[in-house]
Amino acid sequence: MFITVVAVLCRLGAAASGSCVEEIVTDSNMTPDMSMMACAVGAQAPLAKWMDEHPLYHANWRLERYKCVPGHYEIKGHA
């Protein structure tokens with residue numbers, strides 16, 4: 001099954017709606033051994049590493065939540 005990991009990131013200190021965005025972090029094309037269970041249980045550490053290395057989201061953003069979505073996912077824009 002094809003799985004997409006989607007992070008919902010929000011600006012620190014921003015209370016206004018629209019201050020959060022969705023980003024596709026990885027999918028099972030990039031991580032072939034990923035299963036839905038592995039995503040749900042073990043995505044926190046890789047997401048923290050991804051945020052730390054990302055040029056935009058490494059500072060002044062927080063990970064609000066993430067989701068493991070079966071199939072291809074289309075970003076909706078603001079979360």
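## Terms and basis

In what follows, a residue is called buried when its relative accessible area is under 20%, exposed when that area is over 50%, and partly exposed in between, with a 1.4 Å probe and protein chains only. The model is predicted, so that local features need pLDDT of at least 70 and side-chain atom pairs count only at pLDDT 80 or more, while totals for chains, interfaces and linings use all residues. Residues are numbered from 1 along each chain as its sequence is written, and side-chain values use heavy atoms, with hydrogens and water left out.

## Overall fold

The chain contains two helices and three strands, where helices (H or I, at least four residues) and strands (E, at least two) are DSSP runs numbered from the N terminus. Read from the N terminus, these elements follow the order β-β-α-α-β. Of the chain's 79 residues, 37% count as buried.

Contact here means heavy atoms within 4.5 Å. Among the contacts in the chain with a separation of 6 or more, 67% are between residues 24 or more positions apart.

## Two disulfides

A disulfide is taken to be a pair of cysteine sulfur atoms within 2.5 Å, and a search of the whole structure finds two of them. One joins C10 to C20, with an S to S distance of 1.8 Å. This pair links distant parts of the chain, since C10 belongs to strand 1 (residues 3-11) and C20 to strand 2 (residues 20-27), ten residues apart. C10 and C20 are buried, and the torsion about their S-S bond is about 105 degrees, so this disulfide is right-handed.

The other disulfide joins C39 to C68, with an S to S distance of 1.9 Å. Because C39 lies in helix 1 (residues 36-42) and C68 in strand 3 (residues 61-70), the pair ties together parts that are 29 residues apart in sequence. The link of C39 and C68 is left-handed, with -90 degrees about the S-S bond, and both cysteines are buried. With bonded cysteines counted along the chain, the disulfides follow the pattern 1-2, 3-4.

## The nonpolar core

In soluble globular proteins, nonpolar side chains tend to be buried together. A nonpolar core is defined as a set of buried Ala, Val, Leu, Ile, Met, Phe, Trp, Tyr and Cys residues joined through side-chain atoms within 4.5 Å. The largest such core has 15 residues, of which V5, L9, V25, L47, W50, Y57 and W61 touch the most other members. Strand 1, strand 2, helix 2 (44-53) and strand 3 each give two or more residues to this core, and the largest share, four residues, comes from strand 1.

L47 has its place in helix 2 and counts as buried because its relative accessibility is 2%. Leaving aside neighbours within four places in sequence, L47 is in contact with V5, A7, V25, L63 and Y66. The C-alpha atoms of L47 and V5 are separated by 9.3 Å, although these residues are 42 residues apart along the chain. W61, not counting residues up to four places away in sequence, touches L9, C10, R11, L12, S19, V21, M51 and L56.

Most residues other than glycine have a negative phi. N60 has a positive phi of about 65 degrees although it is not a glycine. This residue is found in the loop between helix 2 and strand 3, and N60 counts as exposed because its relative accessible area is 57%.
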